Amino acid sequence: MTDLMTRRFDTLGPYSPLFYDRPIEFVRAEGVWLTDVNGDRYLDGYNNVPHVGHAHPRVVAAIAEQAATLNIHTRYLNDRVVDYAERLLATFDDAIDRIVFTNSGSESNDLAFRIATQHSGAPGILISDFSYHGHTQALARVTTGLRAHEGLGGHVRTLRVPDLDGQDRGLPADAVLAAALREADEAIAALQADGHGVAAVLFDSLFSTEGLNRVPSGFVSGLADRVRRAGGLVIADEVQSGFGRTGRSFWGHGNHGIVPDLVTMGKPMGNGHPLGGVALPAALLDEFGPRNMYFNTFGGNPVSAAAGLAVLDVLRDERLVERAHANGRVIRDALAALGSEHPWIGVPKGDGLFFGVEVYDRPAAAADALPDPARTKAVVEAMRDRHVLISRIGRHDSVLKMRPPLAIEPPDVHLLLAAFSDALTEVEGRANAPISAF
Ligand SMILES: Cc1ncc(COP(=O)(O)O)c(C=O)c1O
């Protein structure tokens, strides 16, 4: 244990997660490269908060300039904040024309729950049975996707999110869809029968915690229709999937062909500066606002707005969404090709620059193949040895998770892929060893 780890545990306690068997101490970063305390450089294949690249000079300058000019809470007029609200709202469907700023994804989802609960007059929540949406009390009561979590609230019903490339592989998509929607009907009926009603369904448009599930077409829209018929609202959590991450549209819900009632956002929004928001139609805000004087000291302050505006500028000027699409395709094709060399990895999952592959204990195509978390962890550590950061997700912690900053350029894409191929070969060599070797 290093001295810094000891000091961390002695002050912050040992419960806050740390990546890797040998945690890394980073001292600076630029673009898609991080430098550790020894001066070694690591390629970032993991972090989505530095969305437009670590320490992007335009974002840094915008924050510094605004911080040196004015930073104040939100009870005064400030044009930068309104400029940002206008620019951000322009990225949404016309129906979504108001934004409330917050400081994090958790605050955004918590506020969305309040709005939905007051709108419907009912507390009932539908949530995926393996998901994470934040750390407030209301969200802790719907958390299903952490190894340790408190009990679900009585007002919560869970749904299994189908996955045509995972648990449901090989099954006909229409049968998978029908079963999933039947489960939604049953969950809604149970909430109603137990007197909870339906306030909302909350889902991550990429189903990232679940493991980047490929849901059958019609699943999200079918779920949304059912929730609305029951009097509830549809909350799209775009903390992971927003700001062009999927390369196909600016917001992940666009890929499901729906317009949600509430869109929540966070992580990439300020490129590391704490910034979140809830976007919604005016009618919903007009219902909530008069009954709740919502005030957020830091949410939507001028420095946050400057960071958010700079992120939007860079996304546009560096064509990062288009690049996410193009680089994502290159990576997907390469991962698919690696699957024929290493049949124990599944088909590429995800969208744009958020992708993963499930790791199995035998050829993925075998009917009795099981997810293999130990082998997955071995690949993540083997990538770390090659100075490339990735991680793992999913119900079994068996989906390798790759999600570089959108600013990644083709040469670094190729480095990432070369390291990945190498790491798979190394782990495959060890696969014949007893499983305890992992
Ligand atoms: C999908 C999703 N929603 C919400 C959150 C919570 O965001 P924050 O940590 O900014 O509160 C997270 C964090 O990982 C997330 O992945």
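Which residues of α3 are buried? They are Val81, Tyr84, Ala85, Leu88 and Leu89, and because they cover an arc of only 120 degrees around the axis, they lie on the same side of α3. The model is a predicted one, and the values below are computed from it.

- The N-terminal end of α3 is capped by Asn78, of which a side-chain oxygen lies 3.1 Å from the backbone nitrogen of Arg80.

**The second largest pocket**

- The second largest pocket has a volume of about 570 Å³, and its lining is made up of 28 residues, of which Thr74, Val81, Ile99, Phe101 and Gly299 lie nearest the centre of the pocket.
- At least two residues of the lining of the second largest pocket come from each of α3 (79-89), β4 (98-102) and α8.
- Sorted by class, the lining of the second largest pocket holds 17 nonpolar, 9 polar and 2 charged residues.

**The largest cavity**

- The count of cavities of 30 Å³ or more comes to 1, and the largest cavity holds about 50 Å³ of space.
- Its lining consists of Ile127, Ser128, Leu159, Val161, Val201, Leu202, Phe203, Phe207, Phe219 and Leu223, which by class amounts to 9 nonpolar residues, 1 polar residue and no charged residues.
- Each of β5 (125-128), β7 (200-204) and α7 (219-229) supplies at least two residues of the lining of the largest cavity, and the largest share, 3 residues, comes from β7.

**Leu223, a residue of the cavity lining**

- Leu223, one of the residues that line the largest cavity, has its place in helix α7, and it counts as buried because its relative accessibility is 5%, under the 20% cut-off.
- When neighbours within four places in sequence are left aside, Leu223 is in contact with Leu159, Leu181, Ala184 and Val201, and among these Leu159 and Val201 also belong to the lining of the largest cavity.
- The C-alpha atoms of Leu223 and Val234 are separated by 8.9 Å, with the two residues lying 11 residues apart along the chain.

**His256 in the loop between β8 and β9**

- His256 is placed in the loop between β8 (233-237) and β9, and with a relative accessibility of 21% it counts as partly exposed.
- Apart from neighbours within four places in sequence, the contacts of His256 are with Ser205, Phe207, Val215, Val220 and Ser221, and a polar atom of the His256 side chain lies 2.8 Å from the backbone oxygen of Ser205.
- Phe207, one of these contacts of His256, is also among the residues lining the largest cavity.
- His256 and Ala324 are 68 residues apart along the chain, and their C-alpha atoms are separated by 18 Å.

**Two loop residues with positive phi**

- Most residues other than glycine have a negative phi, which is the background for the next two points.
- Leu212, in the loop between β7 and α7, has a positive phi of about 60 degrees although it is not a glycine, and it counts as buried at 2% relative accessibility.
- Phe243, in the loop between β8 and β9, has a positive phi near 60 degrees and is likewise a residue other than glycine, and it counts as buried at 0% relative accessibility.

**Asn292 in the loop between α8 and α9**

- Asn292 is found in the loop between α8 (282-288) and α9 (302-317), and it is buried, with a relative accessible area of 12%.
- Not counting residues up to four places away in sequence, Asn292 touches Arg114 and Gln118, and its side chain makes a polar contact with the side chain of Gln118 at 2.7 Å.

Notes: Residues are numbered from 1 along each chain as its sequence is written. This is a predicted model: local features need pLDDT of at least 70, side-chain atom pairs count only at pLDDT 80 or more; totals for chains, interfaces and linings use all residues. Side-chain values use heavy atoms; hydrogens and water are left out. Helices (H or I, at least four residues) and strands (E, at least two) are DSSP runs, numbered from the N terminus. Buried means under 20% relative accessible area, exposed over 50%, partly exposed in between (1.4 Å probe, protein chains only). A polar contact is a pair of N or O atoms within 3.5 Å; within protein, one must be able to donate a hydrogen and the other to accept it, and residues adjacent in sequence count only if both atoms are side-chain atoms. Contact means heavy atoms within 4.5 Å. On a 1 Å grid over the protein atoms alone, a cavity is a set of points where a 1.4 Å probe fits but cannot get out, and a pocket is an open set with protein on both sides within 12 Å along at least five of seven lines; lining residues have an atom within 4 Å of a point. Grid points are joined across faces, edges and corners, and a volume is the space filled by probe spheres set on the points. Ala, Val, Leu, Ile, Met, Phe, Trp, Tyr, Cys and Pro count as nonpolar, Asp, Glu, Lys and Arg as charged, and the others, Gly among them, as polar. The arc is that of the directions from the helix axis to the C-beta atoms.
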